[in-house]
Amino acid sequence: MTFAGINPTGLQSLGNSLELRADSVSAAASRSKSPLERHDKGALADRIGTSLSSIARQLRNASDDFGWRIEAVLRQDDTHGPGGSPWDLPVSKLELALGLPIGVDARTIGVTRNEVRELSEKTPAEVAEYFATQSRNEISLIVATHPRLLSNLDGAPPWARYAASDLLIARRIAALNDEADIVREVMEEDYGPLVVAGLAGYLEDVEVEAGELRLWLREDRQIMLFDPDGDGRVVEVFGDLATASDIGVVVPGITNDRSNFSDGTGGFRANARHIHERSQELGIDEVATSAWLGYNTPDHLGALMRTAANEGHDDLIDFVAGMDALDGNRHVTVIGHSYGSLVTGMAAGEG
């Protein structure tokens, strides 16, 4: 559970309610002790009192947790936390409030800045070895503080990459909403019909992109990589990578971009989804597939050259190595379509 998208004023009421309930539980613990002790049930009274005190403490901790997150959101608090690891990571309280799972206290987690920086230099196998030594809370902190790194980090746990990508998508939507607000303000000024018409078209594009990205945050979508730069790089997974023994990777050809990941769109994303759905229909549960737009595909003229394949095939090698690093017993099948077959062939030729 993350804080993203939750009404902070609603959480403020919930936090106050938890604080009151904690007081009620503590009072109940005190009231229950005397009658039990009068009936020589002192040991039972101690056990009940301890349990109720633990519940009260958890309620107060949850209330405190909501408190600093609410304050960070309402004040748009971009200040950094007090010194000392891991608060010295380059991240604001606001980003922590939006990214950390509820109940996780970043101050108790021993993840250092250097550890995180070094992850980008590791091989997928080394990345997998590192994360195997980290607790879920430690990994959650890295997700919250470095989502861009983790979204693109082959060998990292799939659930962590999904969470990191969701954060990046939410940030992109927020940026688009801010952009749309600015355009609307400009359109209210008297700059003439041609300018207004041009801005209206631009505003429509921004609103369409934001609307499509909101669909990507549905619980049934698993976005493993999200990079909006240029034409965009995206990887979407169908099925459970944690349990799959067979993994299919579909590599697209020319003119594919982020628009292919909209609902109802055909093409290579649909192919990856259909392969997974067909395996389910055949009763083969241990199959997962991924639509891998991990490189900038060329346009029609660009397809005459190997430039895009030269740049993209190394990333495909790392992605497949990341799948292998999850469990060396997995069988990975890579399916290249059109120009994607060149990317796949070059990757296969090197490993």
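Helices and strands here are DSSP runs, numbered from the N terminus. Serine 338 sits in the loop between strand 5 (331-336) and helix 12 (339-349). Its phi is near 55 degrees, a positive value in a residue other than glycine. Serine 338 is partly exposed, at 43% relative accessibility.

Threonine 255 also has a positive phi, near 65 degrees, and is likewise a residue other than glycine. Its place is the loop between strand 3 (246-251) and helix 10 (268-281). Threonine 255 is partly exposed, with a relative accessible area of 44%.

**Confidence**

The protein averages a pLDDT of 82. Of its residues, 79% score at least 70. Two stretches need care. Over residues 1-6, pLDDT stays under 50, and the model has 17 contacts there beyond four places in sequence. Over residues 82-87, pLDDT also stays under 50, with 14 such contacts. Where pLDDT is low, the predicted coordinates should not be read in detail.

**Salt bridges**

A search of the whole structure finds 13 salt bridges. The table lists some of them.

| Side-chain pair | N to O distance |
|---|---|
| Glutamate 209 and arginine 172 | 3.0 Å |
| Glutamate 209 and arginine 258 | 2.9 Å |
| Glutamate 281 and arginine 278 | 3.1 Å |

Take the pair of glutamate 209 and arginine 172, which meet in a salt bridge. Glutamate 209 lies in helix 9 (residues 193-216) and arginine 172 in helix 8 (residues 158-187), so the pair ties together parts that are 37 residues apart in sequence. Arginine 172 is partly exposed, with a relative accessible area of 26%. Glutamate 209 has a relative accessible area of 17%, so the residue falls under the 20% cut-off and counts as buried.

Glutamate 209 also meets arginine 258 in a salt bridge. This pair links distant parts of the chain, 49 residues apart. Glutamate 209 is in helix 9, while arginine 258 is in the loop between strand 3 and helix 10. Both residues, glutamate 209 and arginine 258, are buried.

The side chains of glutamate 281 and arginine 278 form another salt bridge. These two are three residues apart in helix 10, so about one helical turn separates them. Glutamate 281 is exposed, at 60% relative accessibility. Arginine 278 is partly exposed, at 47%. Elsewhere, salt bridges that share partners join Arg148, Asp227, Asp229 and Arg233 into one network.

Key:
Residues are numbered from 1 along each chain as its sequence is written. This is a predicted model: local features need pLDDT of at least 70, side-chain atom pairs count only at pLDDT 80 or more; totals for chains, interfaces and linings use all residues. Side-chain values use heavy atoms; hydrogens and water are left out. Helices (H or I, at least four residues) and strands (E, at least two) are DSSP runs, numbered from the N terminus. Buried means under 20% relative accessible area, exposed over 50%, partly exposed in between (1.4 Å probe, protein chains only). pLDDT is the predictor's confidence in each residue, from 0 to 100. Contact means heavy atoms within 4.5 Å. A salt bridge is a side-chain nitrogen of Lys or Arg within 4 Å of a carboxyl oxygen of Asp or Glu.
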